[in-house]
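These are my notes from going through one protein model, kept in the order in which I looked things up.

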Amino acid sequence: MRKLFFGISIPKKTADKFLPLYHELVREYPKLTFSPPRKWHITIHFVGDVTEKAYEVIRENFKRNKLPAVSPIVLGGNPALGTFGNLVLFLRVRDEGKELEDLHRALSEMVPVHLTRTFHPHVAWARNPRNVSLPGIIQNHTHTVEKEYNLGRLILFESLSEKGKTVFIPCAYRVLRRR
């Protein structure tokens, strides 16, 4: 079985704008497992566990199916908490033009129906595998860096657990067409 998801890479120039907030959170919540900035990506569609045969179908569909074009997006706002397998500290992604939702829908058509998930684009910054109490995390951080950013590449990732850590392995890439 393989655990798959689709994500969009975040250019370094964009990621650098979030470093002050990121480092503040790393200092304030040392028990969380933070992702280094070079690994940040926008999760667009979580597929989940698939068989090897389903993986091959999804990968081939991803390589050849047409995807909608996208405009720059808005990243930012206060960090938030959500549950994606375990508690996650994430940065919101605003999809004002509904283009990422269109992209999510197109990706959903590439996977078996029983694997489709709801649309919730986000940048996961930290995981909380030990379920550490995080009181006031949303209220305490009002630093925002809301700005439009061009997107990087669309990537089909495989998520692996290795020695207690989660590793994301890129399986296939697509360049996003710009509007």
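I looked up F18 and W125 to begin with, and both count as buried, where buried stands for under 20% relative accessible area, exposed for over 50% and partly exposed for what lies in between, with a 1.4 Å probe and protein chains only. I keep in mind that this is a predicted model, in which local features need pLDDT of at least 70 and side-chain atom pairs count only at pLDDT 80 or more, while totals for chains, interfaces and linings use all residues. Residues are numbered from 1 along each chain as its sequence is written, and side-chain values use heavy atoms, with hydrogens and water left out.

**Aromatic pairs**

I then asked how many aromatic pairs there are by the ring rule, and the count is nine. The rule takes rings of Phe, Tyr and Trp (for Trp the six-membered ring) as a pair if their centres lie within 6.5 Å, and calls planes under 30 degrees apart stacked, over 60 edge-to-face and the rest tilted. F6 belongs to strand 1 (residues 2-9) and F62 to helix 3 (residues 52-64), so the pair ties together parts that are 56 residues apart in sequence; helices (H or I, at least four residues) and strands (E, at least two) are DSSP runs numbered from the N terminus. Both F6 and F62 are buried.
F18 and W125 make an edge-to-face pair, at 6.3 Å centre to centre with 70° between the planes. F18 is in the loop between helix 1 (12-16) and helix 2 (19-28), whereas W125 is in strand 7 (residues 122-128), 107 residues apart. I also noted one aromatic cluster formed by F18, Y22, F34, W40 and W125.

**W40**

I found W40 in the loop between strand 2 (33-34) and strand 3, and its relative accessibility of 5% is why W40 counts as buried. Leaving out residues up to four places away in sequence, W40 touches S9, I10, A15, F18, L19, Y22, S35, V123 and W125, a contact being heavy atoms within 4.5 Å.

Which residues of helix 3 are buried? I listed A54, Y55, I58, N61 and F62. Seen down the helix axis, the buried residues of helix 3 fall within an arc of 135°, so they line one face of the helix; the arc is that of the directions from the helix axis to the C-beta atoms. The face turned away from this buried side carries the exposed residues K53 and R64. The cover over the buried residues of helix 3 includes strand 1, strand 3 (41-50), helix 4, strand 9 (153-162) and strand 10 (165-175).
Two rings of this helix have a charge over them, by the rule that NZ of Lys or CZ of Arg is within 6 Å of the ring centre and within 35 degrees of the ring normal. R2 lies over the face of Y55, at 3.9 Å from the ring centre, and the charged end of R174 sits over the ring of F62, 5.9 Å from its centre.

**Helix 4 and the whole chain**

In helix 4 (residues 99-108), seven of the 10 residues are buried, among them L100, L103 and L107. For the chain as a whole I recorded five helices and 10 strands, with 46% of its 179 residues counted as buried.
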